[in-house]
Amino acid sequence: MTAEPLLLRRLRQLGVVDESGEQALLRDGIITIADLDLAAAEGRATVDTDALRAASSAIAAETRPLLLGRAWDILEHFLPALAAHCPELSAIEPSGDVRRSEPLVAGLTVVARAADPPRAVESIARIPAITEVVHRTTRRLLAIVDSHEIDIRVTTADDYGSVLFTTTGPAAHVVDVLKRRAPRLSATEEGVYAHAGLALLPPETRDSPDAIERAGQRPLPRLVERDDMRGDLHMHTTYSDGREPLRRMVLGAHVLGYEYIAITDHSEHSAASRTLTLDLLERQRAEIAQLRQELPRLTILHGIEVDIMPDGRLDCPDEVLATLDIVLASLHDSAGHDRARLTRRCIAAIEHPLVSVITHPANQLVGRREGYDLDYDAIYAAAAATGTALEIDGAPSHLDLSGERAREAVAAGVTVTIDSDCHRVRSLDRQMRMGVGTARRGWVEPRHVLNTRPIAEVRAFIARKRAR
């Protein structure tokens with residue numbers, strides 16, 4: 001073993017534990033912050049719990065979490081290597097924050113099943129993608145991959161569900177479920193919940209403040225899934241700040257099996273690195289017409305993402321917007337406005353008859369900037385009244401509407417879209433999956449989502465708004 005877990009090293013540096021305390025943590029299986037949080041929630045740590053909580057907060061504050069997209073970058077390279085090098089593993093599943101679709105990921109965890117866990121752990125340790133092994137037991141290996149710790153848990157068939165449940169978290173939810181009845185090992189997560197007298201909760205909903213209450217209800221609603229998505233209504237090309245040409249983006253969407261997509265490059269006065277002038281818009285229109293002939297089974301909507309200007313106007317003349325199939329509007333620039341003025345700007349765009357979707361309404365930048373302080377109840381009411389959709393944006397920098405606000409929006413009768421806001425082909429599917437994960441955090445069902453519907457219904461939705 002050439003290194004040690006980050007948590008133990010930092011606890012020692014902070015003076016929280018000495019050698020005997022470190023050994024106590026190891027005996028308790030506490031080698032990651034997630035372990036520490038769970039042990040503290042359960043009250044089972046054999047060292048000073050208050051000191052550990054304080055240290056955990058200090059370590060979390062100094063450790064920059066990963067964006068969900070970056071976490072998937074790492075896992076999408078590692079998981080195929082894990083499966084290929086260790087064929088004895090089955091049911092390989094990302095767990096923890098990633099499985100709950102948290103926008104910021106504090107740690108990477110993978111759970112897998114094997115008939116002989118110790119032998120599987122030995123095999124995992126030899127994977128070339130692993131640069132260091134920092135902790136190992138007969139059922140667990142903490143490894144460095146691409147400069148990040150990955151906690152790999154190997155179970156038998158009998159306890160796979162129990163380990164997947166506890167590692168998925170969050171810690172408070174795990175404790176709430178397990179305290180309902182003396183826990184026992186379970187092969188499935190459904191068995192864990194059933195033993196506690198609860199319905200199986202989707203991982204993305206387990207952070208909900210009413211999670212246990214909802215789990216006591218049957219049946220639970222079926223939440224939106226990736227396979228429900230018929231189209232993607234927000235993507236960019238090299239006509240604005242996208243990384244790839246229109247043709248490649250369209251072909252990439254076609255390969256994913258979409259029934260329809262919308263090409264929605266940025267309008268001329270956007271702060272994007274490149275924008276769509278009126279001349280370029282006409283050139284793009286001609287290219288889309290050609291692609292429609294080549295791909296008759298894919299409906300390509302010609303759209304635009306316009307900025308909502310400081311005075312509430314849209315950054316494109318109405319006579320131009322009227323020639324497009326769909327118009328998205330975004331609050332990219334706060335212009336220093338307060339809550340009331342920002343809300344008025346957003347509602348002005350919502351009430352514009354040519355605007356079909358308000359994209360990433362809060363304009364949050366995950367890990368860098370909180371979303372705008374808006375009167376969201378007023379925005380939901382205006383969107384519901386006018387038949388304007390609000391977007392759940394799958395770009396890892398946005399993930400906006402958040403799960404909490406998406407839940408509020410659909411409860412207020414708002415139709416939402418789930419879009420990739422993608423700028424490159426290779427991220428089209430991943431960012432849609434992240435958008436769906438964010439929607440599931442808000443208990444969003446397929447019936448709430450515009451782009452789970454056939455193209456005829458999407459067109460009818462747009463037409464109804466324009467007819468107002």
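Is Leu399 buried or exposed? In this predicted model, Leu399 counts as buried, because its relative accessibility is 1%, below the limit of 20%. Leu399 is placed in the loop between strand 13 and helix 17, and its phi is near 45 degrees, a positive value in a residue other than glycine. The loop between strand 13 (389–393) and helix 17 (403–411) also holds Leu401, which is joined to Asp400 by a cis peptide bond with omega of about 10 degrees.

A positive phi, near 55 degrees, is also found for Ala335, again a residue other than glycine. Ala335 belongs to the loop between strand 11 (326–330) and helix 15 (339–350). With a relative accessibility of 35%, Ala335 counts as partly exposed. Another cis peptide bond runs from Arg218 to Pro219, with omega near -5 degrees. Pro219 lies in the loop between helix 11 (211–215) and strand 8 (231–232).

Because Phe165 is part of helix 8 (residues 160–168) and Tyr193 of helix 10 (residues 189–195), the pair ties together parts that are 28 residues apart in sequence. Phe165 and Tyr193 are both buried. The pair formed by Tyr376 and Tyr380 is tilted, with 6.3 Å from centre to centre and 35 degrees between the planes. Tyr376 and Tyr380 are 4 residues apart in helix 16 (residues 376–386), and are therefore separated by about one helical turn. Tyr376 is buried at a relative accessible area of 8%, and Tyr380 counts as buried at 2% relative accessibility.

Charged groups also sit over aromatic rings. The charged end of Arg214 is placed over the ring of Trp443, at 3.8 Å from the ring centre. For Arg433, the charged end sits over the ring of Trp72, and the distance to the ring centre is 5.3 Å.

The count of cavities of 30 Å³ or more comes to 1. The largest cavity has a volume of about 60 Å³. Its lining consists of Val177, Leu178, Arg181, Pro183, Arg184, Val192, His195 and Ala196. By residue class, the lining of the largest cavity divides into 5 nonpolar, 1 polar and 2 charged residues. Helix 9 (171–178) and helix 10 each contribute at least two residues to this lining.

Definitions and conventions: Residues numbered from 1 in each chain as written. Predicted model: local features only at pLDDT ≥ 70, side-chain atom pairs only at ≥ 80, totals over all residues. Heavy atoms only, no water. Buried < 20%, exposed > 50% of the residue type's maximum accessible area, 1.4 Å probe, protein only. Phe/Tyr/Trp six-rings, centres within 6.5 Å; stacked < 30°, edge-to-face > 60°. Lys NZ or Arg CZ within 6 Å of the ring centre and 35° of its normal. 1 Å grid on protein atoms, 1.4 Å probe; cavity = no way out; pocket = protein on both sides within 12 Å on 5 of 7 lines; lining within 4 Å. Points joined across faces, edges and corners; volume = space filled by probe spheres on them. Nonpolar A, V, L, I, M, F, W, Y, C, P; charged D, E, K, R; others polar.
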